[in-house]
Amino acid sequence: MIKRATVLLSLLLLGFIFLHIAMDYSPPSALNSISEQYVASGPDELGAANIVTAVLVTYRGLDTLGEVAVLFISAAGVGLLLRRNLGAPTEEKKQRAASELVGTAVHFLLPLIFVLGVYIFVNGHLTPGGGFQGGAVLASGIMLLLLADPHTQLNHGIVEWLESTSGFGYVVVGVLGLVLAGGFLDNRFLDLGTFGELFSAGAMPIIYVLIGLKVGTELSAVLERMKD
Amino acid sequence: MSLTMDGTSIPIIVLASGLIVVLVGLWGMMSRRNIIQIIIGFSLTDTGIHMLMVAVGYLNGRTAPIIDDAVDRTQAATLVVDPIPSALVLTAIVIGLGVTALLLAYAIQIYKKNGSLSVDDCSELKG
Amino acid sequence: MLDPLNIYIFSLGSAFLLSLFYRLHRNVGTFVFLATLVGVTAISGLGFLKLVGGGPAIDILTAGLEPPLSINLRFGLQEAFLSLAVNLLGLLGGWYLLARLRENVQALILFLMIVMGINGMVMTRDLFNLFVFIEITAIATYALIAMERDRQTLIAGFKYVMAGGLASAFFLIGTILVYHLAGTLNIDGMIATRTVLDNPLGATALVFLVAAVIIELKPFPANGWGLDVYQTAPCGIGAIISAGVATGALAALYKLLPLLQIDGLSAMVCIGVVTFL
């Protein structure tokens, strides 16, 4: 009874505070100075058409590196929590085989999903999307595979290798920015190219490809771990 | 009651709904007995906050900050919404995903040890 | 070589590659782990000595641009001291826990990340970057405290994650509202335009921020959830969590203090005394 009362009370209090936030909020009428500079000089300075990507990968690149680290830590954490002790018998659970509809659909959909995922992160600097979105699409393809055939085993060696090297590659690109251009994670050490082309915006596509690969393999590994 | 879709009210609607979702999520976290439902409540709270963040970035009548046919490069600063909250939201979503994944791993292990997903079986869980 | 930025470069680089090293041979992985901790401690130690000797504070820029267009970190005397303390704690703790940690490559990785995360919390000058580093530290601790996997540990860990997640949620609310009002995420920029936060919305935002950091700090009465974890987590890990993370949270609070305009020192003294009781 007391517990219910406290829950209700705290929710009411928060609701009250939130109400005031909503009432006091007035949407801005113009971009603030930092955003304006990003929008105005982003395409020229960094060569990217997608300004959100420019913000993510270069202007606030350290945040994105931290984000990749968070994903990495989550995957490691899930691996730690769900690890199988050496010598413990792996239970052969009776898996209900997926219906034929799913099985056939997988053969058809999987390549499409993979291509879509790769397309999204390769074009991150030109169209909406980017490394994380593309990686998530890749992982959902893997999830489809896992759902369709529960006995699928991912080749752990390749997954681990891909994950580690793409993560390390990201750090290396950052350092290259430090050594060859203005600062850590500066993308201008590669030629900026023609605006709007696939190979433009310096190192941004490279970073996003690395992120896409890393996220895709990471999430797939996590999903596979949870399958058991 | 006519709902005029004038630009000034859109961010406030999204903001308010986001905050409502946050409250629903919090209620779920505090009142549910099943661990999975608690985790869902947590995920809802996160989503509500992301809605809030996106709402903060919106400027009336403007479009996405991507320079293509719809947005002219030279006039972009007057045509696009704030790109920063979008970037922040992306990072926040990924981080929320990381926490949720870990919570689910916890749930799996607790289920293996307890045989059930009910919070009542965990006598030490005082909430 | 001694640029504090290398703390993060080394930590991340070896963390990402650690599983490959570990696969080669367990001892190779363990060696790289320890070497990184030693290296990171050396960097902050030498940097600290230089600062004590009268050298200038190092401002670390990223993306080749000046703040507030980019994120910056600062390595001044206070940051150097805290960084050195945490890295030393990490090195000694890692050495002590070595037998436990080396069984799983993930444990080594997570430990490394906690140390790096606290360094980030101490050094960053950007509010959202602070959030990212808080999360890095927090998520790594969520995973590490449940290493033992017995019933009590798991339940205490679950509560810990819930409370931590709530704190992060509050922090995000505060951050985005402050951004809305101040137009920048750079803490120094915010301090410069302090008056823009003097309205109810600003006050609410700051309350959320401070509440979040205080939950992380775990003073009384918010420490109920912390106690369970200290009891059930493996010994050394509990020490790292309480000492290391609290240091980072304190650094975060200290950074936000100029924004609050209350007499910060007396507030902190009050909190400290009550916690002690």
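Modeller: Two residues are in contact if their C-beta atoms, placed from the backbone, lie within 7 Å. Take L162(A): beyond its neighbours within four places in sequence, L162(A) is in contact with L213(A) and T217(A). This is a predicted model, where local features need pLDDT of at least 70, side-chain atom pairs count only at pLDDT 80 or more, and totals for chains, interfaces and linings use all residues. Residues are numbered from 1 along each chain as its sequence is written, while chains are lettered from A and ligands numbered from 1 in the order in which they are written.

Colleague: Which helix holds L162(A)?

Modeller: Helices (H or I, at least four residues) and strands (E, at least two) are DSSP runs, numbered from the N terminus. L162(A) sits in helix α7 (residues 156-180) of chain A.

Colleague: How many residues of α2(B) are buried?

Modeller: In α2(B), 18 of the 23 residues are buried, so the helix is mostly covered.

Colleague: At what angle do α2(C) and α5(C) cross?

Modeller: Axes are lines fitted to C-alpha atoms, for helices over the stretch in contact, and angles run from 0 to 180 degrees between N-to-C directions. Helix α2 (residues 26-52) and helix α5 (residues 105-123) of chain C have axes that come within 10 Å and cross at roughly 5°. Under 35 degrees counts as roughly parallel, so α2(C) and α5(C) are roughly parallel to each other. Residues making the contact include F33(C) and L37(C) of α2(C), with L108(C) and L112(C) of α5(C).

Colleague: Which elements of chain B touch chain A?

Modeller: In chain B, 41 residues are in contact with 41 residues of chain A. Elements giving two or more residues to that side of chain B are α1 (10-31), α3 (76-79) and α4 (83-114). α4(B) gives the most, 16 residues.

Colleague: How many helices and strands does chain C have?

Modeller: Chain C has 12 helices and two strands. Of its 277 residues, 57% are buried.

Key:
Angles under 35 degrees count as roughly parallel, over 145 as roughly antiparallel, 65 to 115 as roughly perpendicular and the rest as oblique. A residue is buried if 20 or more other C-beta atoms lie within 10 Å of its own, exposed if 12 or fewer, and partly exposed in between; C-beta atoms are placed from the backbone.
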